[in-house]
Amino acid sequence: AGDGGDVFRLVRQHDPHARVVLITGFRSDVQELVERTVAECAPGTEVHPTLVEDCLLRSWTANLRGVVDAVGRATVAAVGHGSAVVRREDLVVALA
């Protein structure tokens, strides 16, 4: 697991003015879990930095199981509307 720097770099590439809050001890697990979940749900589908950022910033009452469930539903939503990239907006739809 990384130190969160990869998440920071990914988000900064998307938005150079982005503010990233890193959650100690949980951040790299979340990034890896998001990437793995998307890959398992829809191989070849990419993870947009905003998806990882939103997963890091949310309060997850079900912990990592909640992340897996929500990201899986977000992936289905993204693929369902023809996207090859899962974004924050797909997560918002999945959690609505």
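The model is a predicted one, so local features need pLDDT of at least 70 and side-chain atom pairs count only at pLDDT 80 or more, while totals for chains, interfaces and linings use all residues. Residues are numbered from 1 along each chain as its sequence is written, and side-chain values use heavy atoms, with hydrogens and water left out.

Side chains of opposite charge can pair when their charged atoms come close. Here there are five salt bridges (a side-chain nitrogen of Lys or Arg within 4 Å of a carboxyl oxygen of Asp or Glu).

One of them joins Glu-32 to Arg-36, with 2.7 Å between the closest N and O atoms. Both residues sit in helix H2 (residues 27–41), four residues apart, or about one turn of the helix; helices are DSSP runs of H or I, at least four residues, numbered from the N terminus. Glu-32 is partly exposed at 37% relative accessibility, and Arg-36 is partly exposed at 39% (buried means under 20% relative accessible area, exposed over 50%, partly exposed in between, with a 1.4 Å probe and protein chains only).

In helix H4 (residues 63–80), Asp-69 and Arg-73 are again about one helical turn apart, at four residues. Their side chains meet in a salt bridge of 3.2 Å, N to O.

Arg-88 pairs with Glu-53, the closest N and O atoms being 2.7 Å apart. This pair links distant parts of the chain, 35 residues apart: Arg-88 in helix H5 (residues 88–95) and Glu-53 in helix H3 (residues 49–57). Arg-88 is partly exposed at 26%, whereas Glu-53 is buried at 12%. Both belong to a network of salt bridges that also takes in Asp-54 and Arg-58.

Methods:
Helix = DSSP H or I, 4+ residues; strand = E, 2+ residues; numbered from the N terminus.
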